[in-house]
Every structure is written in structure tokens, then in C-alpha cells.
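Colleague: Please pick one part of this model and go through its packing closely, in one piece.

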Amino acid sequence: MASMATFFTQTSFPSHSLSKTFDTHFAAAPKVNACVSFRARRQVGLRVSSGLIEPDGGKLVELVVRDSERDLKKGEALSLPRIKLSRIDLQWVHVLSEGWATPLKGFMKEAEFLQTLHFNSLRLGDGSLVNMSVPIVLAIDDAQKHRIGDNKRVALFDSKGDPVAILNDIEIYKHPKEERIARTWGTTASGLPYVEQTITNVGNWLIGGDLEVIEPIKYNDGLDHFRLSPAELRSEFTRRNADAVFAFQLRNPVHNGHALLMTDTRRRLLEMGYKNPVLLLHPLGGYTKADDVPLDWRMKQHEKVLEDGVLDPETTVVSIFPSPMHYAGPTEVQWHAKARINAGANFYIVGRDPAGMSHPVEKRDLYDADHGKKVLSMAPGLERLNILPFRVAAYDKTQGKMAFFDPSRPQDFLFISGTKMRTLARNKESPPDGFMCPGGWKVLVEYYDSLLPSSNGKVPEAVPA
């Protein structure tokens, strides 16, 4: 079996102990080698050790029951108190079921919730830390809590009335909404998209427990073949004989500046001695706000990028990351990075203002544009991941293509923001040659064209994805 490479070095960490045993529900964690980050490795003698980077806790936690148990679990679900899942709740079940949040075994109980909220990390049974920066929780209201009563198991159903999962050994605890919002987003200002969708109008209780997911989550939207689980991605990297995997997350169309960053990263890894570094192009596929380009259009655009040869299909894996988007800046980018460890990535590309957004009330960005990459370089539980900050790319008017910004000749560069790009596409205007591949730009223009008034004068409504 082919393997991937990561750097290892003997590193000692302070010993921590807990005076109290918390009620957690992590998978058992075998001992794993400690690994220091790319930042620190510049200063020590390096040696490459063969082996796929291990998931957090040492073992991938997959929560879908065996085929032979499926009918039995469906029958059990029908006899239990029911909780109806929202679309975003179902996306979190998907995330948990495939092991993206390893070592979690289900929706968070109070101990995990508090550790996540206050420490951005979870303490495992062996004393080690793993990163966890966003709460993965399920809210219920007073009526649901009353119906559950003393039951220790509940069934989770989708909007069509089909059983999705059983939640075992449940714990119900208060939902501190204001504190959750303040600590996750750094503000309680109105207008935060994820908050309005999932926190403000939901119940005042959270329910945690161990998940048994009855069958793999599918959306039947023509994109399921792109939704590779961490286990499937690991198998694909092995099949390609990858000896390094570098992940790039985005929620926007790919332009040639993005492509430059990705190809340059591969060049740097080859110079470091890797033989076959593979790119994981990993667009976020869960909830996004209404003014983001929808997932199906983004995937069409990404396919054109590969078809037009902007990225090499032989060294690129395109897959959908099923997580919902919080727009929580430096807090959320830790989750994005941590999840890619579980998928086998040992390098993570981070850019300007990752997971950021404009302030919902004031005319400014919500987060400092540099804090995301700085936080990743210090985040607890991410020491094994190599963080690769963006170099700034812009359109070089002298070369007629995207290039890395040269501060000695700023007059030669044109910065085309996402807002500018969307305005050009809406107006069916072309960007400068070399900004985006023609096929990819055509898809973007077609998307905005689809939002124009139809023959009956109605404008299609943009809705959260």
C-alpha cells in the first residue's frame, strides 16, 4: 500500500492533568507520534518519515451502521421519540457520520461544548489535545424536551419523515445562545447569517449523544459523486501514490490567482523533496449565505478549470467538503484546517481573511485580514498540520496574467476583488485576459444571467445554499 509523507520530530509538550473526569464521548485514542508544524520545522533538522498523517485521536470515527444492521435500526428509530432535523442539522449529521470531526462520536455533550467554546480544543482520555473551534450541536425546544422525558435515546428524522439516525446515551443541557454567539463570532451584532439560520430562532436546549447513522447521507442533486468521505479521500490519495497532500478550501469560483497559488505550492513541495504532492481542491458544500455563488454553479466552474488545463487533473482531487459555513473568521478557519487533517492533508493553504465577511452592521470587515493565518500558526491541536500562508496574487498588467504582487512596482498590478468580479459577470463584461480561464468565466456569466428577470418579469430569488 502506497503511503504519504509527513515530517516527524521528537517533541516534548507540557504535561496536563484533569482533576475531574468529564462525561465525553470520544473514540478511544491510540498513542500517536507528535509532529511539529511547518513554522517550527524551519529551525530544526528535518527528516521525512513515510506514513499517512493520522486522524485526530489516531483513528477515523465513522458512524454509519453496517448494512446488516440498517433495517433493525430503522425499526428502532420508529419506536423512539423523534427530533426533526433542519437542512443544516442534516449537514452536521453528514459531517459527523463520515469522521470529519473525529474523534467526536456524535453531537456534543456539555463537556465538549464548553471546551470548544472556551478553549477551541478538546482534551482526550490520554491527556492529548485535538483542535475543535466550532460547536457541533443539536438544538431542541421545551416541547421536544418534554416529549423526550427520561428516554436515553431519540431518533432523528429528515424533513421528508425518513429516519436518519439514532442518538444514544443522550444529555440535554441549556443552550447559552448569547455566549455561544459572542465567543464564536466575537460579536453579537444582528445580521450574522449562520446565527439567524441556526441559533436565534431555535430552542433553548441542546441535546448531545452518540450517533448511529442509518445510511450514508445523500442529496441526490447530481453532485454526490464529488462528496468523498475522509476514508475515500485517503484511499484516493494512496491510489495516486501521493507523498504529500495540500488542501485548498474555497467558497468562490477559481480564478487564475488561486491557480497560481496552488501550482506554486506544488512547486515548493517538489523543491522540498516530495515526489508527488497532490492538491485537494475542496470547496465548501454546506450552508452558505444567499449572495454566495451556489454550489452547483461553483462545481461547474471548477470542472471547467480542470478541463481548460489551469490545474492538472492528474495531481488534483476535486471533492466537496460537507460542512455548513459559519463566517466566523479565525475561529472557524481552525475547524476547516482540523477537518482536513482527518481527510489526510498534511499541508493547508490559508489566505487573506479566511472564513471572513463584512461586518453585518458597520462598513468594515468583521475580522482583521491577517488574523486567520496567525491564529492557525498558534492554534492548539493543529501542531501536526503544516500551514502555508498565501502570497498575494494580482493581475500583472505588464505580463497580461495573474502574478505574485511585486511591491517595488505597485502601479503595474490590478487587484480584482470578488465584488468587482461579480459586477463584471453580472454585466456580461469580460475581465482582463488571463484573469480566469474562458470556460470558467462563461459559467460565472451564465449563473448571473440566470438571475435576470424571466419573460414573465419575475426575478429568481437568491436563497441560502
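Modeller: A crossing is right-handed if the near helix is turned clockwise from the far one by less than a right angle, and left-handed if anticlockwise. α10 passes α14 in a right-handed crossing. The model is predicted, with pLDDT of at least 70 required for local features and 80 or more for side-chain atom pairs, while totals for chains, interfaces and linings use all residues. Numbering starts from 1 along each chain as its sequence is written, and side-chain values use heavy atoms, without hydrogens and water.

The axes (lines fitted to C-alpha atoms, for helices over the stretch in contact; angles from 0 to 180 degrees between N-to-C directions) of α10 and α14 (residues 438-450) come within 7 Å and cross at roughly 160 degrees. That makes the two helices (DSSP runs of H or I, at least four residues) roughly antiparallel, the term for angles over 145 degrees. On the α10 side, Trp 297, Lys 300, Gln 301 and Lys 304 make the contact (heavy atoms within 4.5 Å); their partners in α14 are Gly 439, Gly 440, Val 443, Glu 446, Tyr 447 and Ser 450. These residues divide into three nonpolar, four polar, with Gly counted as polar, and three charged.

α10, residues 295-307, also packs on a sheet, where it touches β10, β11 and β12, and its direction makes about 155 degrees with that of β11. That open sheet has five strands (DSSP runs of E, at least two residues) in the order β12-β11-β10-β13-β14, with parallel pairing, a pair needing at least two bridges. β12 (316-318) and β14 (386-389) each have a single partner strand, so one side of each lacks a neighbour in the sheet. Helix α11 (residues 329-342) lies across β10, β11 and β13 and runs at about 155 degrees to β13.

Notes. Parallel < 35°, antiparallel > 145°, perpendicular 65-115°, else oblique.
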